[in-house]
Amino acid sequence: MAYLRLISQRLVMTVLTLWGLATLVFIMIKLIPGDEAQVAAGPGANPEQVASVAKRLGLDLPVLQQYLNFLLRMLRGDLGTSVVSSKPVLTELAAVLPSTIELMIFASIIGTLIAFPMALVAASYRGKAFDGIARIVAVTGGAMPAFWLALMLQFFFGNVWRITPISGQHSFGIASPNVTGMPTLDALLAGDIPAFLDALAYLILPAFVFAIPFAAQVFRLLRASLLGVLASDMMLPVRAKGASTSRMVLRHALPNSLLPTVSLMGVLVGGMVGGAILVETVFARRGVGSFLANSVALKDTYAVLGAVMFVGIAVCLVNLVADIITLMLDPRIRGTQFGAGAK
Amino acid sequence: MGVDTILTDGIIPAPVRRRPEALLQVEQLSIDIATRDANVRLVDNVSFGIGRGERVALVGESGSGKSVTAQALMRLNSRVKLSGRVNFDGKDLLSLSPSQMAAMRGQRMGMVFQDPMSSLDPLMTIGDQVAETLRIRGISKRNARQRALDVLDELKVERAAERLDSFPHEFSGGMRQRVVLAMALVGEPDLLIADEPTTALDVRVQERVLDLLDEISRRRSLAVLLITHDMGIVAGFADRVMVMYSGRIVEENEATLLFAEPQHPYTRGLLEAVPRADVTVDRLRSIPGAPPVPAARPSGCTFHPRCDRAMAICSSVEPGEAITPSGARVRCHLYGAG
Amino acid sequence: MTLVLPTASPRRKANFTAYELTVFGVVAALFLLALIGPMIAPADIYTSNMLETLFPPSAEHWLGTDDQGRDIFWRLIAGSQLSLFATVLVVILYSIIGMIVATLATVGPRWVDELLMRVTDIGLSLPGLVVSLGIATVLGPSLQSGIIALALTGWPMTARILRTTMRQTMEQPFVEGARILGVSRTRLMLKHVLPNSLDVLIVKWAGDISFTMLILAGLSFIGVGAQPPSPEWGAMISGARGNMSIAWWAVAAPGAAIVINAVAFALLADILQVRRDPSLRA
C-alpha cells in the first residue's frame, strides 16, 4: 500500500500548505495600514457601512478568534468580498477561471510540442551544433520577461504585421453561447468552426508567451535527464543489444526521464497562474490574472488577497495532480498497489 | 636467448596452436582516452584470439583494462579511441560503420554486465527487455515474445510465462542476472562477453549462474569471454586464461596449465589470493600495493614495484613476450632471458 | 565595489575557455555599468523636455526618447543600477534568511528542524509571484515593497539546499575533528560548516539573479514595484506601454536590457554548474 501512503502524504502536505497560505493571507490582512473595516468597506464607505462591515468580519473579537473565524470562512469558500463590485471574490474568480485554464492548457501543449522534440534531438546529438544552438535558445527563452515578450509579440504580430488579433478573446459578434467559459470549447460545443478558429487566433499569442519560458525550462531539464539516463549503466546492455541511438533515446531514456519532467511541468503550470497576472493584462483577456491585476490597480486589497488565496489553492492542486501522475508513471510504486508479479 | 624459451616481441604473432576455428582475432588493440590534459593509454597493444565455442577468461584487478577491452570488442564506449584490428568472423569490427556495428551487437555478439540491479530498465517489463534484441531486427512482437520466453525457460527462470510482464524490481538479484543473460542470449550470438557477471551476487547464486552459463555454452557451442578479477570462478569454467595487468596481457595459457604452473609473478600472486580446498594456508595472501593508474605507469615492467622477484632490469626495460615450455605466452624478464 | 573574477587566480586561468571568459567579461561589465551608470548619465534624463517627445532612435538619441522627451539610452544606463542592484539585494536578503533557517535547522533540536523544513516546504509550494504581489500590495507600491516581498518569498529553496549540504558537511571528518578538539557548536557552525557549504549557493546565485530580475521587473510592470518616473527597467516598460504604437522602441529597449542581463547571468549559472558537475558537459 506504499502507493496510497505516498498519495495521502501528498494530500496532507497540500492541506498543510493551504493552511500556511491562509495564515499568511490573514497576517497580511492584519498588516494592512489603516483601519481594517474602512479598507474592507472601501474608501467611499460611510461610518454606518464601516460599522456593519466591522461587525460582519468580527473585528471586535480577539485576534485568535478572528483567525479561527477566518479559517472557517476559507473552509466555506468565502474568500472575501470585492469592494469595487460588492460581489464575493469567489464568484468573480469562478467566472473568469475557465478562460485562464484554457490559456494554460493551450500553452502547455505548445510548450511540450516545442520542448520534447528539441530535447530529444539535442540529447541524441550531444555536443553537436544543434545541441549547442538549442541550449543557447533555451537560456535566452527562459530569460525573457513574460510581459515584455507579450507586448512585443502583440505589437509586431498584431499591430505591424496584422497576422493575429491584438487583444481580447474573440471578434465582435461571433462569440458562441457561454457554456464552459472557454471560448474555443464553447465554439466547438456550438459546432461553430469559424468561431472556434477565431477564438484560437486570439489564443495563439498569449499561449506562446507562456509556452516559450515553459518550453525553455522543460527542454533544459529533459535534456539533462535524458543525458543522465543515457550515461547510466542501464544503457550499456541496451547498446549491446544492437539498439540504435534513436531507440535508446525514445524507448529507454525518454520513459525514465518522464518522471522528473512531469513533476517540473506541474510546477511550471502552477507558475503560469502567476504569469497570467502580467500576460492576461497585456492581451486584455478575461482571467484570474487580469482580475488580480485590476484589483491591484483599483486598490481593492480584499479582492487581491482573496485572489492570492484562490491562486494558491489552484497551484497546490496542480502540483498535487502532477505528483500523483508522477507516482502512477513509476511501476515500482504502481506495482505494489496492484500487487502484480512475484515477491 | 635461452634454449628452452622463444622470445617474440609481440609484433610476431604467437605460433598457431591446436585450437578451434578462430571466431575472434584481436591484433595490436590499443585503447586511448583523451582527458583534459593528455591522452591516456588504457590498453596497450593487446593481441589474442577466441575460437568458436571456446571459453576464455580475462583476469585482472580492477583498473587493469579488462572491462575497457571487453567493451572495445563491441565498440560500446564511444569516448575511447580504438586502434589495431578486431577481426570477428572475417570482418574487421573497427572499420564497420556505426549501423553495421549495431547490427553485429546482440545478434553475433552479446554482452552481460556486472551489476544486474542497474543493468535493467526499471520502467520496461522483463519480457519486452529480453525481446528487444529481436524486435530491433524487425521480428514480430508475438515471435519475439515466444523466443524470449524460450530463453528464460532455458535459463530456468521459474514461471517465466507469468513473469514476462513483471518489472525488474519484482525480481531477486540472481533472477535479474538471468534476465540480463537472457537479453544477451536471445539473439543467439556466437560470442558472449560476460563482464564480471557474478560479482554483485552472493556465492551460492554465483555458482548457479556460472553452471547455467557453462551448460548453455556447451549446448549452443557458444564462445564465452569471461571477464573477472576472481581466479576462483575461472578454474571450473574456462578453457584458456589471459591475465591482464595495467593494460597489457602478461600471461596466457590453457587453464589447466596456468593453474598448475603459473609463470608470471603476478599470476602467482592472483592464484595465491584464492582460497583453495586442496591447499591449507594460514591466511589468504594478496599482492601488496595497488595497480598503477593508467596515467602514471611505472617504467619498464609495470608490475615491478609490487613484484617479489623484481630484478634490476625490471624497472628500466619493458619485457617482451616469451613462450615457456608449459606453453604460456608471458611478459616477464624471468623468462625473456634477453 | 569590484567584481573578483575566478580568472584573477593565475593557477586556474588556463582552464577557462574563450566562451567562459566572454561570459565572465560580460557579467563584470554589467556590474561595472550598474556601478557607474548614474554617474555617467547626463542630468537631463530625469527632467521632461516636451519638445523632444517620442523621437525615434537617431545619432543624438541612440535609442530614441520617451513620452517625456528623455533619452532612453541614458535612462537605461542610469536605471541599470536600480534594476541590477535591487535584484542582487533581493538575492542577498533571501539568502541570509535561507542561511539563518538552514543553520537553525541544522544546529537546533529535531523538532526545530522538522518545523522549519515543513514551513520551507509550504513556502516552496506557494506561487512566489502571486504571494509577492499580495505582500507588495499590502506594503504599498514602491521598489522597496517589491524588494521586501521578493525577499520574503524567495528564501525557501536556499534554505532547503543549504540544509542538505550542511548536514552532509557535518558528517565530514574535519568537522568531527573540530568537535573532538572542543570547538563550540555555534563556532563550529559559523566558522566551519557554513563556509564549507556555501559553494552550492554560489552556483545558485547566478541563476537566482537572472530569475529574480524578471520577477522584480514584472512587479514594477503591474504597478506594485518601482514607480514612474524611476528609470527602473520594468517601470520604464510600464510607462512606455501606452505609446507603443508610435514609439515601440521605448518598450523594446528596456526589455532588451533585462534580457541581456538575465541571459548573461543564466549563462554564468550554466558555466558554474557544469564546472561543479563535469558530467553535464556537452
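Predicted model: local features only at pLDDT ≥ 70, side-chain atom pairs only at ≥ 80, totals over all residues.

I started with one arginine: is R329(B) buried or exposed? R329(B) is buried, because its relative accessible area is 10% and the cut-off for buried is under 20%.

Next I checked where R329(B) sits, and found it in strand β13 of chain B, which covers residues 329-330. Then I asked which side chains R329(B) touches through polar contacts. One is E252(B), at 2.2 Å. Another is E321(B), at 3.3 Å.

Moved on to a sheet in chain B. I traced four strands in an open, antiparallel sheet, ordered β3-β2-β5-β6. The edges are β3 (39-51) and β6 (91-92); each has a single partner strand, so one side of each has no neighbour in the sheet. In β6(B), D92(B) is the bridge partner of N87(B).

What lies across this sheet? I found helix α1 (residues 66-73) of chain B lying across β2 (22-34), β3 and β5, at about 115° to β2(B).

Last entry, chain A. I counted 14 helices and zero strands there. Its C-alpha atoms fill a box of roughly 85 × 60 × 40 Å along the principal axes. Of the 343 residues in chain A, 52% are buried. I also noted the contacts in chain A between residues at least 6 apart in sequence: 71% of them join residues at least 24 apart. Chain A exposes about 15200 Å², with 70% of that from carbon and sulfur atoms.

Methods
Residues numbered from 1 in each chain as written. Chains lettered and ligands numbered in written order. Heavy atoms only, no water. Pairing = 2+ DSSP bridges. Helix = DSSP H or I, 4+ residues; strand = E, 2+ residues; numbered from the N terminus. Contact = heavy atoms within 4.5 Å. Axes fitted to C-alpha atoms, helices over the stretch in contact; angles between N-to-C directions. Buried < 20%, exposed > 50% of the residue type's maximum accessible area, 1.4 Å probe, protein only. Polar contact = N/O pair within 3.5 Å; in protein donor to acceptor, adjacent residues only side chain to side chain. Areas by Shrake-Rupley, 256 points an atom, 1.4 Å probe, with all protein chains shown as cover.
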